Amino acid sequence: MASIRRTLSPVYHDRPYENGGAPFSPSSTSSLLSEEGPWRRPFYQFLAFLIGFLLGMTPYGQIEDVNGTDRFNFEIKPPNVEDQAVRREEVAVDGVSFSAETKKEVEFDFAPRKLVIVVTPTYNRAMQAYYLNRVAQTLRLVEPPVLWIVVEGNAASFETSEILRKTGVMYRHLVCKRNMTSIKDRGVHQRNTALEHIELHKLDGIVYFADDDNIYSLELFQSLRQVRRFGTWPVAMLAPSKNKAILEGPVCNESQVIGWHTNEKSKRLRRFHVDMSGFAFNSTILWDPKRWRRPFSHPTRQLDTVKEGFQETTFIEQVVADESDMEGVPPACSRILNWHLHLDALDVSYPQGWVVQKNLEALITVK
């Protein structure tokens, strides 16, 4: 690195100097050293350090002395504090008004929505795709979280898997391993498979049995999150003769169940007159019975040993003691939220994979 050295000024011998000496003569240099001495430079350095230290410790404000034990405590206040406390709320610059707004803390009253667990037993038949897609279109409109548990018998079919993947609904596709050939109501064991899955994984939400051939309103699924323990509502059913409708379910005074709708004499022996799609319950009853003081030690399941039409009441008797543990949905039970229609086409085959391979010839050709 190049160094820069300052050259000395030339000595002008013709310039007069005081005392008649040259500027760098030996006599003048010795006189300067004798006047300054070796202690002056450290003294000046110490003096500059002391002045800087004192300036750094000097408060630039008002110091308020306190008597007593706090004599050495100082409170430094900036000058004109009271004048600076007054702030202008509006400042006009070139005709434009700017408002100084203080940011207010926004309080979020966020309550997480309950999980709605919809259990649907299904099996391969001609109307299966229509039924599943109809239920799926309704569930897509329900505010999340919604879990759709679809249970098939013996094996999971390719057609059902394809339908579920395209619905856009969070689902779980289960298979019931029980032999369905000698069982009158295959839905009993399919629902029990879903109940075992909920109990095993401790899913926390509201469980609802929704058969795929029923019709459901969006208001029904929105009302399920209001259920605390056990909720029930009336269901409109089409009679097997297809010539009249039957109303089955609770009679309510606000949310209190005070009676039941029933029109069939054979069902008057039941304790609770409810359709399978006419109630919902808290899933914690399955895996946390102590919370609800449930007297039964065995798992809560549907029974296949009872007569047809008694599966609902025998299951509900395991969940609640009486009507005081029930909640009418909606209040006064004044609205029909779902319909149970017997419109299935029996003994009708469906194309494998829902792909039509025969009878594809054109009956009317385009000219």
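**Helix 5 and the sheet.** I began with helix 5 (residues 158-165) in this predicted model. I found that helix 5 lies across strand 6 (146-153) and strand 7. Against strand 7, I noted an angle of about 165° for helix 5.

**Helix 6.** Next I turned to helix 6 (residues 186-201), which also packs on the sheet. I listed what helix 6 touches: strand 5 (115-121), strand 6, strand 7, strand 8 (205-209) and strand 14. The direction of helix 6 makes about 125° with that of strand 7.

How many strands form the open sheet, and in what order? I wrote down seven, in the order 7-6-5-8-14-10-15, with mixed pairing. I then looked up the edges, which are strand 7 (171-176) and strand 15 (327-328), each pairing on one side only.

**Strands 10 and 14.** Strand 10 (residues 230-232) and strand 14 (residues 279-282) run antiparallel and are joined by three bridges. For Gly231, I found the bridge partner in strand 14 to be Ala280.

Last, I checked an annotated residue. The unreviewed UniProt entry carries the annotation "active site" for Glu312. I located Glu312 in helix 10 (residues 311-319). Is Glu312 buried or exposed? I count Glu312 as buried because its relative accessible area is 10%, and the cut-off for buried is under 20%. Which residues is Glu312 in contact with, leaving aside neighbours within four places in sequence? My list reads Arg270, Val274, Asp275 and Met276.

Conventions. Residues numbered from 1 in each chain as written. Predicted model: local features only at pLDDT ≥ 70, side-chain atom pairs only at ≥ 80, totals over all residues. Heavy atoms only, no water. UniProt positions renumbered as here; feature names shortened; annotations may be inferred. Helix = DSSP H or I, 4+ residues; strand = E, 2+ residues; numbered from the N terminus. Buried < 20%, exposed > 50% of the residue type's maximum accessible area, 1.4 Å probe, protein only. Contact = heavy atoms within 4.5 Å. Pairing = 2+ DSSP bridges. Axes fitted to C-alpha atoms, helices over the stretch in contact; angles between N-to-C directions.
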